[in-house]
Amino acid sequence: MSDKKSLDSIVVRLAGNSGDGVQLMGSQFTTSTALVGKDFATFPDFPAEIRAPAGTTFGVSAYQMNIGSSPITTAGDRPDVLVAFNPAALKVSLPMLGSGALIIVNNDSFNARNLAKAGYREDPRETGELDSYQVVSVDISHLNLEAVKAYGLSKSDGSRCKNFWALGLLMWMFDRDLDPIDVWIRKKFRNNKVARDANVTALHSGHAFAETAELAEALPRFRVNAADLPAGEYRGITGAEALSLGLTAAAELADRPLVFCSYPITPASPLLHHLARYDELGVGVFQAEDEIAAICAAIGASYGGAIGVTSSSGPGIALKTEAMGLAINAELPLVIVNSQRGGPSTGLPTKTEQSDLYQAVYGRNADAPIPVIAARSAGDCFYAAIEAVRIALRHMTPVMLLTDGYLSNASEPWLIPDMDDLEPIKSNAPPQPDDSRDNQGMAFERNPCTQGRPWITPGMLGLMHRLGGLEKDFETGHISYDPGNHQRMTDMRAEKVKSVAKFIPLQMLELGTEEGELLVIGWGSTYGPIFQAVKQMRQQNHDVSYTHLRYIDPLPENFGELAGKFRQVLVPEMNMGQLSTLLRDKLGLSPTTYPKVTGQPFLIGELTEKIYSMLPPVLEVDGDLVTNRRAE
Amino acid sequence: MSSALTAKDFTNAQEVRWCPGCGDYAILKTVTRTLAEIGARPETTAFVSGIGCASRFPYYLDTYGFHTIHGRAPAVATGLKLINPNLDVWVVTGDGDGLSIGGNHLLHALRRNVGIKIMLFNNEVYGLTKGQYSPTSRAGTRSPSTPGGSIDSPLSAGQLALGAGARFFARAIDTDKIGLGYVLKQAHGFEGVTMIEIFQNCIVYNDNVFADFTDRDNAADNQLKLQQGEPMLFGADNEKGIRFNPDNFTLEVIDALSNPDQVLRHDADNRVLAQLLVELEKPVALGVIYKNPGESFEKSWHQSPGQRLKRTRSVSEMLHNSDTWVVS
Ligand code: SF4
């Protein structure tokens with residue numbers, strides 16, 4: 001088995017206790033993947049508890065990655081390789097594996113106690129349950145402890161190195177150079193000589209073990225072909241990183257400070273952590289006392305002339321709702337980022353979902369529209385953030401930017417953009433002070449094309465005016481309870497959001513032809529699996545096309561027309577059909593919904609199945625009836 | 001434009017819409033006059049308010065003004081002050097707005113020492129929503145929502161402020177031009193957060209609720225006007241004084257004429273004394289009760305850890321600040 005398998009892509013899953021260092025191991029493996037020019041997508045899957053009880057199934061922390069040569073857009077349906085640090089990790093991961101998958105188990109952890117904690121009555125290594133897989137049992141725990149014995153670490157400290165030991169083994173299987181990781185460990189532990197040396201030793205020992213032990217016979221080696229990525233300089237990036245860099249880039253493009261006001265919540269907090277380290281980039285971070293204070297402080301900062309941004313997840317967004325109405329009425333720019341998670345209520349904090357679309361589009365009291373956009377991939381969060389700021393400043397409106405738990409934590413290789421290629425962001429200039437006119441009216445002189453008013457900030461001479469949540473007169477900006485005026489203002493607010501469509505690109509197809517049988521419409525983080533699914537179906541000559549929405553509200557002007565050229569429309573979403581409702585409402589489409597709310601992203605296989613089931617058995621091609629079903 | 005301004009320069013042409021006889025009128029007048037006296041500029045002054053009768057205040061001033069949402073003014077004001085520390089940011093709130101729905105924001109603005117100047121108009125009632133009892137209403141208050149009298153005990157604005165770590169707490173009466181003007185000036189010159197509790201008469205829903213110490217006939221015997229370093233005397237002829245009773249750790253009223261050396265002198269730096277003073281019911285302590293300067297939140301925020309809001313590196317640099325590789 002030791003001859004190298006040459007592959008286009010391979011899915012690797014690492015699973016263990018929260019404390020096993022699986023996430024670190026995964027991210028290091030990803031880095032080494034990137035450095036050898038492979039495309040990848042990763043999906044960290046955390047338990048909700050910080051240190052969930054060791055050995056239990058609900059405490060399993062996993063890291064899945066898909067490495068390959070052709071464009072990789074998902075972390076992969078079915079792992080080909082599983083590293084299971086304990087019985088619980090095996091139990092949780094087993095149903096996901098592809099048949100014939102390679103399972104590396106940490107033998108030492110398969111004791112009576114851990115088996116019981118995982119809910120195994122019998123040892124699965126002995127029941128035949130693993131027969132259809134290739135199982136390699138390695139005494140990871142004790143081989144690692146042996147390796148680091150010389151450093152005099154306690155048993156618990158020593159066993160912390162076992163992720164690097166296992167990583168060494170994995171690196172051998174994938175024929176990777178240990179140097180970058182060696183360097184990384186030395187840098188990371190530069191202040192702790194013992195930890196540094198022990199981890200380096202563990203890494204090399206794992207590698208040497210794989211090479212020299214008789215295991216070399218049992219362990220397959222993989223050669224993943226290099227990816228065909230566009231030329232340029234790349235880095236790995238997670239959604240949260242890309243989003244924080246995007247917001248920062250937007251502030252630079254607008255030449256304004258960015259004030260980010262937030263309250264900790266899973267899975268939105270990584271954004272707060274990243275931005276807190278960007279103070280040299282004109283960013284100020286304010287951790288508020290609650291969600292409401294966070295959005296209110298962001299509004300205060302926008303009022304003062306900064307780009308105010310607040311961020312949360314569904315439950316926190318709900319708390320911010322009233323303040324969004326204030327920003328709408330005060331006609332102030334604001335970006336609200338929602339890293340969606342499973343709900344309702346506390347729901348599944350660490351699991352992903354797209355179920356806050358109604359909340360974003362329809363979820364405020366009164367007629368209170370705001371533009372809503374969504375990011376599609378980790379790297380795309382960068383561009384989505386810039387677009388959100390651009391809209392907010394142009395139209396003087398709050399903008400909702402939707403991302404989700406999966407995007408926040410997922411990583412991918414990212415072609416580093418050139419800032420000079422990005423268009424500067426303009427804001428609406430304040431008027432010249434004019435003593436002969438009422439300042440109040442001047443503050444609300446809107447651009448007829450965007451309904452954006454001038455951004456006048458306290459401190460500007462001769463332009464003092466009053467803002468507030470009360471309805472104001474369209475012309476004079478003074479409080480008004482006039483019935484006709486309220487209608488006019490409500491129309492203006494609707495028109496403002498509608499007018500965004502004049503500035504956004506027309507909708508394009510990701511894959512397929514301009515008309516046909518079936519159009520798949522995606523939005524947000526489902527991009528990866530849908531893209532792969534439609535691509536596969538098209539390779540099998542099925543009449544299916546794909547388009548993916550960035551702009552949810554308003555929709556691109558040509559969207560109805562584009563979708564109307566297909567006999568059927570399918571919307572796969574990680575909710576019960578919210579975009580479908582929106583498309584019915586806004587465009588009168590009758591899409592088929594494919595809902596999934598398991599807290600896990602779509603699998604490519606699930607999507608191809610669904611698409612397949614919707615295609616007619618036969619279709620007409622140049623007058624001939626041909627089958628549109630793949631061979632059974 | 002730097003010529004001396006008058007109260008008129010801070011007043012705009014909007015028709016004021018409080019009930020005739022409302023205490024808010026007197027406060028508005030004293031505020032505009034004081035702004036002129038302290039040399040404030042309309043363009044660098046912003047009033048931020050929440051919801052309630054008091055919160056209409058910004059509409060009647062020719063400064064920057066932001067009438068926000070219920071209870072949240074301190075949070076909005078914090079964002080504004082952070083982005084522009086050179087502004088004079090005043091917050092106008094009431095007992096319902098600030099101590100009930102917005103209690104959390106008030107608490108945290110106070111503990112952070114954000115340099116915003118909070119005026120809390122306390123009338124012990126919800127005026128704008130037509131007279132329900134409020135968190136400062138005394139137990140037994142009859143109102144549309146408590147026809148049999150309220151049963152919960154009231155919140156003390158002073159105790160809350162001191163408990164939250166406020167570094168400045170003062171009190172004044174709506175119609176007391178001198179007393180209110182004085183504390184406003186003191187607050188304006190203070191670096192961090194200031195909280196001023198203003199006893200404001202709601203003539204419609206809670207008339208005379210403070211009459212036992214604000215009425216002209218009751219004033220001398222029931223108001224203790226504090227002056228830094230001065231003995232705590234009151235009464236028509238300053239014949240009464242305040243003494244600390246070490247046996248039960250309280251302040252008590254004594255005959256000042258026969259025990260002059262037992263009368264306490266006011267020391268606004270003394271937090272323990274401030275706590276005793278806000279507790280005092282008869283007489284009611286007025287003026288600057290506590291004042292203990294410290295660096296403001298916005299100042300620390302702009303200094304730490306780097307120079308916030310000042311771009312000293314480019315995003316481009318940051319984009320490449322990671323393990324990168326080149327695909328050719
Ligand atoms: S209801 Fe009371 S507080 Fe409100 S305006 Fe009237 S008198 Fe003033």
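B:H266 turns up in the loop between β10 and α9 of chain B (helices being DSSP runs of H or I with at least four residues, strands runs of E with at least two, numbered from the N terminus). The model is predicted, so local features need pLDDT of at least 70 and side-chain atom pairs pLDDT 80 or more, while totals for chains, interfaces and linings use all residues. Residues are numbered from 1 along each chain, chains are lettered from A and ligands numbered from 1 as written, and side-chain values use heavy atoms, with hydrogens and water left out.

B:H266 is buried, at a relative accessible area of 3% (buried means under 20%, with a 1.4 Å probe and protein chains only). Setting aside neighbours within four places in sequence, the contacts of B:H266 include B:E230, B:M232, B:L273 and B:L277 (contact: heavy atoms within 4.5 Å).

Helix α9(B), residues 271–279, has B:L273, B:A274, B:L277 and B:V278 as its buried residues. These sit on the same side of α9(B), because they cover an arc of only 135 degrees around the axis (taken from the directions from the helix axis to the C-beta atoms). Their packing partners in chain B are α5, β5, β7, β10 and β11. At the start of α9(B), a side-chain oxygen of B:N270 comes to within 3.0 Å of the backbone nitrogen of B:V272.

As for the interface, 57 residues of chain B contact 75 residues of chain A. B:Y64, B:R311 and B:W325 supply 16% of the area that chain B buries against chain A, more than any other three residues (buried area is the accessible area, 1.4 Å probe, that two parts lose on being put together, summed over both).

Technical notes
Buried means under 20% relative accessible area, exposed over 50%, partly exposed in between (1.4 Å probe, protein chains only). A polar contact is a pair of N or O atoms within 3.5 Å; within protein, one must be able to donate a hydrogen and the other to accept it, and residues adjacent in sequence count only if both atoms are side-chain atoms.
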